[in-house]
Amino acid sequence: MKFESMKEIIVRAAKEAGLDEYELYYYADEDMSVGALKQEIDSFSSGNSQGIDFRCKVNGKMGYASTELFEEEELTALVSRAMENAKSIESDDEVDIFPGSPKYEKVEIKEPPVPNAAQMTEVTLALQNKVYSLSDKIADGTRSSASCGKIETCLYNSYGLELTASYGLQYGVVQVNVKDGDEASFGFEVAEGATMEELGEIADKAVAEALSKLGAGLVETGHYPIVISGKQMRSLLSTFSSVFSSRAAQKGLSLLAGKEGEKIAADCVTIMDDPFRPGSIQAAFDGEGVATSRKCIVENGTLNTLLYNLSTAKKAGRESTGNGARHNGIRFFNFYIAAGEASDEELLRKANGGIYITEVKGLHAGANATTGDFSIESAGFMIEDGKLGRPVKSFTIAGNFFELLKQIDTVGNDVKFGISGGSTMFGSPDVYIPQMSVAGK
Amino acid sequence: MLNKHLCSEVLAVAMSTGADFAEIYQELTRNNSIHLIDGKIDSVGDNVLSGVGIRAFLGTRTVYATTTDITREGLLRCAAGVADAIGQSKKEVSIHLTERIFPNAHPVRRLPGDVAVKERTDILKEACTAAKEYDEKISQVQGSLFSVDHTILVANSEELYTVDRHLRTRLTVSAVASDGGENQSGFVGPGRAMGMEMFEFIDPKAAGKEAARVAMTNLRADYCPAGQMPVAIENGFGGVIFHEACGHSLEATSVAIGASQMAGKLGQKIANEKVTAIDDGTLPGEWGSINVDDEGHPSQRNVLIENGVLKSYMIDRLGSRRMNMPMTGNSRRQGYAYEPTSRMTNTYIANGSDKNEDIISSIEYGLYAAKMGGGSVHPLTGAFNFSVTEGYIIRNGKICEPVRGASLIGTGSQILQDIDMVGQNLEMGQGMCGSRSGSVATNVGQPLIRVSNITVGGRSKS
């Protein structure tokens, strides 16, 4: 069924039910992926799905329901289910349907790729062949894949507001296992792109990572100067990002509640949220249809603002920052620690005798956004004579995110972004922390 | 659900270019959840997921395609896409399907949809109120009640046509204790493969109190010391240690492609002889139980490790082809959007011969991990981590002051040897396990165990 027909059925049902305020959010996505194991293609997958999320206001409360089943009966039931759900809501939070912003930024649309299975197959095999050609230690389980996807969304509401967005993404992944006698290690790299020119480097990087970790030893328990690589620091930032949500703050779940205007981090720390970052998936409006904006969240250590949606902004007596997510949540766009001035060499020189962290694992378990505490399995390299020395593994770094923000001494000059599955992306440069607790042998 | 005739037609198209096996998986899931915060119902989640995944094999090469368009045209188009990708030959295939009905080991007495909304919100409120009233320092309580009604259909070119419906219910309570500038948290999340009759076995009030008790305990706890030491890990969710340290490495997902530290070790002694570990998806009403797996294979009880010797892996259909070993009823997926692979169900270390009090009294200085959070593992190296959410120092065989913020790390092959005492109070804990085929409900479990030496990731005093 086409979106226009679905919309017609739902709008008719909403009008018949006497609803004044309602909204539909439609999405359709398509993806394709080719994977290789050893030096042969072993898997091919493709998918397409559509869904509709409906919400409406009944007696001042917002109710939601969604479906992927597009029979007329089901679409009509969607309206009555959402109305029924609204009746259960007791929260006093005022959630509104939004009539529209006066102006929306013109964003650069990433053209959805045209899936080309033959080209993807060729690239996947080329990646895999390249990996195997780089070392005789490459072991079973080594995988390469090429994927592409596109998503289209449409928001339509009872004020007549209609906004559409679409984006596409192509990327390659290399996952390398190496074995040397009884010892095994691995490397992983992913990058945007569709051709070997764009992706070839990920094979070199993943193999180099896997080989560099062979022979990793242990570290003594103690305190060390630490450089957390940008890739890992952005994972930490992502894990603790909810502390910047006004909703978490208003519900007593973020220790940043009431800290706007206060110093929460070291002078060298600036954190941005930029929906228009060049080269990223750009977004002109948020999940509630509010125009987005580029903003400085933490400026030289001072918390300028948390991220607000319509409901939390109303409660705080201010404007939404354009960070609303569907279902009254908070959405992040390109959320990153801004680049400082230090070169890689300078960071390593400062952290001499310490550890360069290139891997953190189990963040979903070892880190707690409510308390800020973390204790996480890590791996990396000792820093000797201002350079990367022997590889080390099987230790944890432990601390508290709120303390960490204040302990950052120096920020590197190169922000590392991930590739995004949607419009949220985190980024960070390398950061130097003079002392952290390490548990090893 | 799709009828037999249409399934035959779709499978025939998927097989038409030379595939040696084809399968249709259909999902219809109704998710309902109620969320409470600040003592008030804050939101209701209500989603219908519906779609189909069509898969074909040619040897160990696989093609998988999914669609939410479940009209005849939509399905035939999807199957034709699969056929195009798997082979080039032309083959006339006719598929005959026979319906198989597997006995339902987890019959539901009270469907969530048949229970008044008020009764469900009352249960949630009872749990959250008990947490809030536990202590005046409990500053916030969030609670959720989840009901999942999941119907699947599996039909394949080996004549199978089967439909299975299973329900799951879960209550989660998360409490925050606050003391000026510091917050601490506690979480409980009991769940069963049951309908609302789960609350004949689970007391919401006790669950709420327990979440608050843990948060309050952590509020008076100092940071856990760092370094290597013996650790006693309590029953219930403590079983996450086996799940991470060993369970994932026994899944065909990594074993079959040689990417597991446990590959090729069948029949070998891989663990301390005190360790016997089982994966059993047949336990009535348990959170990780299933009647049939997501390839239509009946669930079964698999002894993975017996007295330290590796007896079995967990194997799905593709793994079975790669490994030349039979399937074990462990093929699972979150839903139609995911290609299935081998996963755990209810996985636990069986009761042993040590008395629980002897385990604690045997430790001169170490950690008592009363409650565990989640963790992760890399199956190739076996390096794992998991977090301790309620811990205490053991001194001279006695449980002393609480400590917080600890995690435990190590490698699977080592820790399996170091589990040198196994107690007798086996209990399960509920979790959602995330892997290649999405998020699935799994139980972990064990009695109290002792690990003779492990790295405790705490914070040493500077």
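Me: In which sense, parallel or antiparallel, do β5(A) and β6(A) pair, and over how many bridges?

Reply: Strands of a sheet pair through backbone hydrogen bonds, and the pairing may be parallel or antiparallel. In this model, which is a predicted one, β5(A) and β6(A) are paired in the antiparallel sense, and ten bridges join them. One example is K179(A), whose bridge partner in β6(A) is A184(A). The two strands form a hairpin with two residues between them, and G181(A) in that turn has a positive phi of about 65°.

Me: What is the order of the strands in the open sheet of six strands in chain A, and which strands stand at its edges?

Reply: The order in this open sheet is β10-β9-β8-β13-β19-β18, and the pairing is mixed. At the edges stand β10 (302-303) and β18 (416-417) of chain A, each of which has a single partner strand, so one side of each is left without a neighbour in the sheet. Within the sheet, β13 (residues 334-337) and β19 (residues 425-428) of chain A run parallel and are joined by three bridges, and the bridge partner of F335(A) in β19(A) is F426(A). Helix α5 (residues 230-239) of chain A lies across β13, β18 and β19 of chain A, running at about 130° to β19(A).

Me: How should I describe two helices that pack together, and at what angle do α1 and α2 of chain B cross?

Reply: Two packed helices are described by the angle between their axes and by the distance between those axes. For helix α1 (residues 4-14) and helix α2 (residues 72-86) of chain B, the axes cross at roughly 25° and come within 7 Å. Because of that angle, α1(B) counts as roughly parallel to α2(B). Their crossing is right-handed, and the contact involves L6(B), V10(B), V13(B) and A14(B) of α1(B), while the residues from α2(B) include R72(B), L75(B) and L76(B). By class, this contact has ten nonpolar, no polar and one charged residues.

Me: At what angle do α3 and α4 of chain B pack, and how far apart are their axes?

Reply: Helix α3 (residues 117-132) and helix α4 (residues 204-219) of chain B pack at an angle of about 35°, and their axes are 7 Å apart. The crossing of α3(B) and α4(B) is right-handed. By class, the contact of α3(B) with α4(B) has nine nonpolar, two polar and three charged residues.

Me: Into which domains is chain A divided, and how many residues does each give to the contact?

Reply: Chain A is divided into domain 1 (3-212) and domain 2 (222-439), and the C-alpha centres of these two domains of chain A lie 24 Å apart. Their contact takes 27 residues from domain 1 and 20 residues from domain 2. On the side of domain 1 of chain A that touches domain 2, the largest share, four residues, comes from β5(A).

Me: How many residues are in contact between chain B and chain A?

Reply: In this case, 65 residues of chain B are in contact with 60 residues of chain A. Strand β2 (residues 40-58) of chain B gives the largest share of the side of chain B that touches chain A, eleven residues, and that side divides into 22 nonpolar, 35 polar and eight charged residues. In β3(B), A65(B) is the bridge partner of S46(A).

Notes. Residues are numbered from 1 along each chain as its sequence is written. Chains are lettered from A and ligands numbered from 1 in the order in which they are written. This is a predicted model: local features need pLDDT of at least 70, side-chain atom pairs count only at pLDDT 80 or more; totals for chains, interfaces and linings use all residues. Axes are lines fitted to C-alpha atoms, for helices over the stretch in contact, and angles run from 0 to 180 degrees between N-to-C directions. A crossing is left-handed if the near helix is turned anticlockwise from the far one by less than a right angle, and right-handed if clockwise. Ala, Val, Leu, Ile, Met, Phe, Trp, Tyr, Cys and Pro count as nonpolar, Asp, Glu, Lys and Arg as charged, and the others, Gly among them, as polar. Domain bounds come from an automatic or database domain assignment. Two residues are in contact if their C-beta atoms, placed from the backbone, lie within 7 Å. Angles under 35 degrees count as roughly parallel, over 145 as roughly antiparallel, 65 to 115 as roughly perpendicular and the rest as oblique. Two strands pair if DSSP finds at least two bridges between them.
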